[in-house]
Amino acid sequence: MNKRLLVIGGNGFLGCSLVPRLAALPGVDVVVFDLVPKAQNAAVYRSAAAVEVGDLTDTARMDQVIERYRPTTIYHLACATVPASGMEGVHTDVSVNLAGTIVLLEAVRRYGVPEIVFLSSGGTVYGVVDRVPVAEDAPLRPISSYGIMKACSEWYLQLYQRLYGFHALILRPSNFYGEFHTSRRQGLINVALREIAAGHPVTVFGDGRVVRDYVYVGDAAEIIVSLQRTGVRDGVFNLASGVGYTVNEVLAIIRDVTGPFEVQHLPARPCDVPRLVLDVTRLSTVARVPSTSLRDGIAATWRWIRGGREDR
Ligand SMILES: NC(=O)c1ccc[n+]([C@@H]2O[C@H](COP(=O)([O-])OP(=O)(O)OC[C@H]3O[C@@H](n4cnc5c(N)ncnc54)[C@H](O)[C@@H]3O)[C@@H](O)[C@H]2O)c1
């Protein structure tokens with residue numbers, strides 16, 4: 001019998017790169033569940049066995065979908081906030097993101113779903129770190145509502161796993177960039193490229209010396225697929241490149257690709273930690289770490305923004 005993978009939040013940015021790749025695995029059917037009916041990448045519809053529209057916080061709807069498809073793995077990608085939502089996101093972090101995760105865990109328990117993969121956040125759960133790169137066993141000291149929500153979600157996931165014995169894989173991504181990104185609220189590289197394409201200045205918060213770890217979304221999707229293929233079902237893994245760039249360095253690479261553009265400086269945001277690079281040693285024991293260079297990934301994203309916006 002085919003494996004049945006339920007991707008919750010599968011119509012989003014990561015889902016657009018992940019769903020078609022998962023669906024291409026032999027012996028696999030993918031069902032997408034999302035609040036919105038439409039994905040940026042039409043390949044999501046072409047490759048998914050079914051797309052269900054619904055709200056993760058709706059217990060009856062969640063039960064209905066899980067009862068109908070009896071998934072063998074659930075990928076939990078859904079999230080209604082971004083780190084920059086700041087204190088305005090507190091209510092949604094608790095009432096939608098955290099509560100939705102509990103609804104899902106209850107359904108996993110009731111229907112005996114064997115495994116769940118949760119997309120946490122390597123960029124926010126660690127908070128301000130003493131040194132980089134930061135490994136998975138570093139203390140979790142989030143300084144944003146979003147980071148607190150992701151850390152709490154991990155802890156509930158681990159509590160349910162301990163009590164009910166299913167497999168749980170926690171992935172902590174750094175910052176994705178690449179094709180099929182539409183958010184105006186997060187993602188320095190994509191937002192900057194869109195502004196440049198529109199002839200607008202690029203906004204930089206602070207002095208541009210904040211250090212981040214960027215991972216091309218296609219590489220991230222490949223890694224998640226390879227973990228499914230090789231049967232890695234438990235543990236906590238940073239999902240990152242392991243390399244840090246300042247915002248100013250990223251802008252220099254972008255300038256190389258796009259040509260000149262204007263920069264507008266705004267005050268630094270309190271939710272931004274100064275330096276975050278993730279240690280990928282543990283990841284490298286189970287998967288190939290991301291290999292697309294920042295320049296190549298930015299060039300591919302620029303081509304997508306400027307031109308074809310082709311499906312893949
Ligand atoms: N994009 C990044 O750089 C990044 C970095 C770290 C972690 N993450 C995490 O990875 C996951 C995927 O990120 P993304 O960039 O694809 O996010 P995204 O916002 O593009 O996609 C999330 C999807 O979840 C859906 N959703 C939101 N609330 C829902 C609800 N109540 N019920 C059902 N569906 C709902 C949205 O409609 C959307 O399609 C998220 O959990 C995010 O927090 C992303």
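Me: How many bridges join S4 to S5?

Reply: This is a predicted model, in which local features need pLDDT of at least 70 and side-chain atom pairs count only at pLDDT 80 or more, while totals for chains, interfaces and linings use all residues. Residues are numbered from 1 along each chain as its sequence is written, and side-chain values use heavy atoms, with hydrogens and water left out. Helices (H or I, at least four residues) and strands (E, at least two) are DSSP runs numbered from the N terminus, and two strands pair if DSSP finds at least two bridges between them. S4 and S5 run parallel, and the bridges that join them number four.

Me: Are Thr 73, Tyr 75, Ile 74 and His 76 of S4 buried or exposed?

Reply: Thr 73 and Tyr 75 lie on one side of S4, and Ile 74 and His 76 on the other. The classes rest on relative accessible area with a 1.4 Å probe and protein chains only: under 20% is buried, over 50% exposed, and values in between partly exposed. Both faces of S4 are covered, and these four residues are all buried.

Me: What is the order of the open sheet of seven strands?

Reply: Within this sheet, S5 (residues 115–119) and S6 (residues 167–173) pair in the parallel sense over five bridges, with Leu 119 partnered by Leu 171. Parallel pairing characterises the sheet, and its order is S3-S2-S1-S4-S5-S6-S10.

Me: Which strands stand at the edges, each with a single partner strand?

Reply: The sheet of order S3-S2-S1-S4-S5-S6-S10 is open. Each of the two edge strands has a single partner, so one side of each is left without a neighbour in the sheet; they are S3 (50–53) and S10 (235–239).

Me: What angle does the direction of H1 make with that of S2?

Reply: Axes are lines fitted to C-alpha atoms, for helices over the stretch in contact, and angles run from 0 to 180 degrees between N-to-C directions. Neighbouring strands of the sheet S3-S2-S1-S4-S5-S6-S10 are turned by 20° against each other on average, direction ignored. Helix H1 (residues 13–23) packs on this sheet and touches S1 (3–8), S2 (28–34), S4 (73–76) and S5; with the direction of S2, that of H1 makes about 155°.

Me: At what angle do H1 and helix H7 pack?

Reply: Among the residues that meet here are Leu 14 and Leu 18 in H1 and Ala 221 and Ile 224 in H7. H1 passes H7 (217–230) in a right-handed crossing, meaning that the near helix is turned clockwise from the far one by less than a right angle, anticlockwise being left-handed. The axes are 9 Å apart, and the angle is about 45°.

Me: What is the relative accessible area of Leu 18?

Reply: Leu 18 belongs to helix H1. Leaving aside neighbours within four places in sequence, Leu 18 is in contact (heavy atoms within 4.5 Å) with Leu 77, Ala 221, Ile 224 and Val 225. Leu 18 is buried, and its relative accessible area is 0%.

Me: Is the peptide bond from Val 132 to Pro 133 cis or trans?

Reply: Pro 133 lies in the loop between S5 and H5. The omega of the bond from Val 132 to Pro 133 is near 0°, and the bond is cis.
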